[in-house]
Amino acid sequence: MSLDSLDPTQPAPVQESTNGDEVSGDLVLTRVTKEFGTFKAVDDIDLTIPQGSFFALLGPSGCGKTTTLRMVAGLEHPTVGRISIGSTDITGTKPYKRPVNTVFQSYALFPHMDVYENVAFGLRRRRKKDVKKQVDEVLELTELTALSRRKPAQLSGGQQQRVALARAIVNRPGVLLLDEPLGALDLKLRRQMQVELKRIQTEVGLTFVHVTHDQEEAMTMADTIAVMNAGRIEQMGAPVELYEAPRTTFVANFLGQSNMVDCTITSTAGDRLIADMHGTSVAMLTARSTVTSGKLLLGIRPEKLHVITDEVPAGDLDVVKGGVITDSSFIGVSTQYLVRMPWGQELMVFHQNRDTARVLAPGTPVTLAWSPEHAFGLSAEQDAHAGVETVDEAAS
Amino acid sequence: MALTAPADPADLVSTAQPGPPPVHRRSRNPITWVREHIVGIFAFLAFVYLLLPNAVVVLFSFNNPTGRFNYQWASFSTHAWTNVCEPAGLCSSLVLSLQVGVLATVGATVLGTMMAFAMSRHRFRGRAPTNLLIFLPMATPEVVMGSSLLTLFVNIGIPLGFWTILIAHIMFCLSFVVVTVKARMASLDPRLEQAAADLYANETQAFWRITFPLVAPGIAAAALLAFSLSFDDFIITNFNASPSSITFPMYVWGSATRGTPVQINVVGTLMFLIAILAVGISQFVSWRRSRRA
Amino acid sequence: MTAFAGLERGSQGPAQPPPDSGKTRGRWTPYFLLLPGMAWLAVFFIVPVVFLVSMSLQTGNIVDGYELTWNFGTYGDAITQYWDQFVRSFIYALIATVAALLIAYPLAYAIAFKAGRFKNLLLVMVIAPFFTSFLIRTLAWQVILQSDGIVVGIMEKLHIISLLQWLQLLPTDQVIFSPFAVITGLTYNFLPFMTLPLYASLERLDPRLLEAGGDLYARPFTSFRKITLPLSMPGVVAGTLLTFIPAAGDYINSHLLGNTSTTMIGQVIDGQFLRVLDYPTASALSVTLMATIVILVAVYVWRAGTEELV
């Protein structure tokens with residue numbers, strides 16, 4: 001798998017647009033910085049979001065993702081930098097003149113207007129013709145037709161969410177911004193709305209920019225994810241790529257869980273790097289490492305590790321012996337183990353319960369093995385635990 | 001923006017928990033009963049205390065007193081109800097109070113609403129002194145405000161009368177309007193205005209289509225409050241009125257020594273009924289609105 | 001009622017910074033919006049107080065005119081002469097405030113927690129007395145408290161009369177035109193000002209806190225003392241101020257329900273200004289009243305630890 005399999009600067013196929021007069025094209029942020037006093041909320045970001053894509057800005061709270069969104073919406077102004085859609089520069093454009101619409105975190109539905117009037121609001125402001133036809137179409141699309149004369153207070157959370165969405169997409173904006181739109185919904189409804197949002201995005205073909213701290217939500221919906229941390233973009237790419245080949249420990253830890261082991265590269269062999277892991281020689285793909293010599297952090301996902309109690313099966317495997325199980329918890333689909341390695345580090349292992357579940361008790365001596373193709377190498381000059389505690393913080 | 005039931009964790013918690021502990025219907029021991037309902041009994045007595053004078057006002061509006069004072073129940077009569085304007089000066093004082101009340105309400109509501117908008121929607125220097133200046137009149141005894149205004153008018157030679165009363169009324173109603181409208185603005189989600197801007201409404205459109213309709217109930221409440229403060233004021237008015245500008249409270253004050261006509265009670269009862277009716281209608285309208293949808 | 005809930009909230013809550021939308025608007029807009037109202041308050045509230053202070057330091061008479069002589073002696077004379085009325089005003093206001101708090105707290109508590117769907121109706125009933133003129137309602141107390149009336153009869157049966165006499169609130173057998181009648185009127189007239197802020201702060205209290213208190217072995221009274229009361233303190237502070245300040249300056253109750261030995265300071269100021277026409281003395285009394293109240297309120301607010309009140 002190549003790290004550069006998705007080039008974000010490559011425009012996606014242009015969707016047919018019903019409004020020829022609208023501003024359209026890729027959303028481009030050029031060297032955008034936003035400072036609040038001495039605090040840099042957004043630090044020199046370059047970002048191209050292809051037209052028609054479902055793009056997610058993912059990061060813990062305070063990483064600058066909402067500030068970035070608000071700058072695109074025109075609710076904040078960049079300290080430095082330029083924002084444009086297609087060939088139109090919108091950096092200084094007032095919010096109400098931008099071809100950008102937002103689905104607000106709390107929906108911000110107008111409480112004194114019914115669903116229909118909320119949805120028609122933007123069209124009426126721009127003195128569009130055929131308001132009724134367009135509103136009806138969008139209400140149909142979002143399955144709100146029967147509720148069109150209700151007031152926001154009389155709707156459930158999921159219905160309010162759909163009104164907020166309908167109110168934005170009816171304007172067919174060049175970019176649609178979604179600010180943690182599912183945050184107020186309970187888990188089951190959130191899953192439902194994720195599917196719904198994806199369907200609607202596919203049908204209308206608008207560019208969706210979705211801000212979230214929920215990595216699962218981002219991976220479920222987005223074509224492309226940009227992981228943000230401390231005002232910068234850590235890595236951008238397709239969900240699979242970010243998960244399988246993270247390029248920083250922050251990304252490795254923020255998207256799912258990772259084991260990070262200190263290693264030293266000893267030699268290269270063809271397309272492989274050979275490294276010393278606390279006395280054991282292990283191999284990995286050169287293409288999956290950001291460093292090719294000296295110290296590195298070898299990363300491996302818990303579900304890619306095999307726990308072996310007897311014979312090591314034959315095959316292309318990296319094998320480390322001498323582990324001892326210190327904790328095991330059975331969680332149905334899998335069993336999670338903590339394995340203390342000879343060098344003192346505890347590694348996490350997820351064992352799929354494909355066969356009859358057999359839970360190994362703490363104290364059991366084990367050997368760990370993995371395919372060299374599953375490991376990834378990261379620069380050792382960073383905190384191996386970056387992004388770990390921020391997951392809890394963001395989830396709270 | 002209210003979270004609805006399924007999204008509100010508080011709801012989930014409260015439904016997940018067992019309800020309030022069941023009320024133990026123990027023996028009909030009166031002491032136990034009193035102990036269980038002690039708060040309710042106190043509240044009932046408090047309501048008696050609060051509403052007894054109103055009941056007396058209504059009752060004595062049907063009295064046919066024997067002397068100049070309407071203190072002793074004599075016999076039932078509807079004379080006062082059919083001859084409200086009979087006592088000299090009563091109806092003219094009512095008209096003056098209504099005139100002052102309406103103008104003071106308009107003045108204080110316009111000025112106060114402007115201030116409330118400035119304070120809750122704008123950043124500016126001097127917020128603390130502004131707050132202080134708005135708070136002070138509410139924390140000053142009326143007798144001080146009335147006497148200081150009188151000193152001003154006497155010193156610069158403004159003749160007392162209608163206009164001095166109006167000036168005073170706008171002054172003391174202003175702070176209450178600001179505070180009432182500000183409270184309404186504070187409960188308004190600022191993201192609604194951002195959402196309007198996001199949906200192509202310029203600042204003027206966002207104000208008239210979103211902010212103003214949502215703040216309007218607060219402005220209406222402030223106006224009603226201003227009117228009732230103005231209509232009911234005696235102390236400040238008494239300092240700044242002339243013998244030819246007698247408001248209704250001044251008329252009542254004067255009659256307390258000369259003799260209280262029954263018609264005063266009629267006016268008091270009418271004010272009470274009109275207000276209750278207004279409250280009833282507004283409650284009914286909001287009830288209808290919530291049912292219809 | 002919005003007004004009082006609002007007043008309470010507006011004055012208690014920490015000053016919330018305005019949203020960040022200000023930047024996109026004109027820089028001068030807030031000043032333009034504030035100017036007329038602020039000017040009105042400055043010209044007709046601040047300037048008159050300056051005139052009042054100035055008047056209190058002048059000498060002369062209404063016929064020959066006045067001259068600023070910085071005569072601070074007026075204050076000494078006025079305060080000495082009307083010391084009794086000053087002390088009486090503050091004592092009456094204090095008793096009325098405490099009485100109103102004792103009556104309003106159970107009332108507000110019952111409305112907030114026990115009223116169920118009658119909450120709004122009961123709130124209307126609290127402000128309903130306002131709908132009839134203050135003066136007319138105070139006059140009604142003359143009827144209620146008259147010597148051969150039902151209320152006085154009940155008070156005699158329950159020996160309340162002798163209790164009040166023992167407390168020096170009733171010099172004679174007559175209930176009307178006594179200190180007791182004045183304090184009854186003051187308490188009655190300002191009771192809604194006490195009830196509404198109390199209600200507003202109790203209403204915001206999460207009843208689950210009390211359940212949690214009970215869960216943690218607190219008896220109902222302990223829960224009240226340790227949870228409800230501390231959390232309703234903002235309402236107590238706002239309510240006592242809204243009652244004490246107007247009660248101390250009021251003279252309608254002492255005039256209509258009292259006698260010559262219950263005269264309060266407001267009555268004296270009114271008489272000096274409007275009948276005796278001794279403006280310097282009247283102004284000095286007025287300034288003294290205002291200063292005393294400002295100092296008392298400042299000390300009270302400081303002791304109650306609610307600096308954000310202003």
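Start in chain B and select B:C85 and B:C91: a disulfide (a pair of cysteine sulfur atoms within 2.5 Å) joins these two residues, with S to S at 1.8 Å. The torsion about their S-S bond is about -90°, so the disulfide is left-handed. Searching the whole structure turns up one disulfide over all chains.

Before moving on, some housekeeping. This is a predicted model, in which local features need pLDDT of at least 70 and side-chain atom pairs count only at pLDDT 80 or more, while totals for chains, interfaces and linings use all residues. Residues are numbered from 1 along each chain as its sequence is written, chains are lettered from A and ligands numbered from 1 in the order in which they are written, and side-chain values use heavy atoms, with hydrogens and water left out.

**Stop 1: where chain B meets chain C**

The crossing of helix 3 of chain B with helix 4 of chain C is left-handed, meaning the near helix is turned anticlockwise from the far one by less than a right angle; clockwise would be right-handed.

Show the side chains here. On the chain B side you'll find B:F42, B:F47 and B:Y49 among the residues in contact, and on the chain C side C:P106, C:L107 and C:Y109 are among those they meet (contact means heavy atoms within 4.5 Å). The residues of this contact between helix 3 of chain B and helix 4 of chain C divide into 13 nonpolar, no polar and no charged. Ala, Val, Leu, Ile, Met, Phe, Trp, Tyr, Cys and Pro count as nonpolar, Asp, Glu, Lys and Arg as charged, and the others, Gly among them, as polar.

**Stop 2: a helix pair within chain C**

Stay in chain C and pick helix 12 (residues 233-249) and helix 15 (residues 279-304), whose axes come within 11 Å and cross at roughly 165°. Helix 12 and helix 15 of chain C are therefore roughly antiparallel to each other, and their crossing is right-handed. Residues to click on include C:F244 and C:I245 of helix 12 and C:L296 and C:Y300 of helix 15. By class, the contact of helix 12 with helix 15 of chain C has 13 nonpolar, two polar and no charged residues.

**Stop 3: a mixed sheet in chain A**

Over to chain A, where six strands form an open sheet in the order 6-7-8-3-9-10, with mixed pairing. (Two strands pair if DSSP finds at least two bridges between them.) Strand 6 (100-103) and strand 10 (232-237) stand at the edges, each with a single partner strand, so one side of each is left without a neighbour in the sheet. For a parallel pair, select residues 175-179 and 207-212: strand 7 and strand 8 of chain A are joined by five bridges. A:L177 stands opposite A:V209 there.

Next to select is helix 5 (residues 187-204) of chain A, packed against helix 4 at about 20° with the axes 11 Å apart.

**Stop 4: antiparallel strands in chain A**

Another open sheet in chain A has five strands in the order 13-12-11-14-20, with antiparallel pairing. Its edge strands are strand 13 (280-285) and strand 20 (376-379). Four bridges join strand 14 (residues 295-300) to strand 20 of chain A, and A:L297 faces A:L378 as its opposite number.

Finish at strand 16 (residues 318-330) and strand 17 (residues 334-340) of chain A, an antiparallel pair with six bridges. Strands 16 and 17 of chain A form a hairpin with three residues between them, and A:G332 in the turn has a positive phi of about 90°. Strand 16 of chain A also pairs with strand 19 (residues 365-370), antiparallel, over five bridges.

Technical notes
Helix = DSSP H or I, 4+ residues; strand = E, 2+ residues; numbered from the N terminus. Axes fitted to C-alpha atoms, helices over the stretch in contact; angles between N-to-C directions. Parallel < 35°, antiparallel > 145°, perpendicular 65-115°, else oblique.
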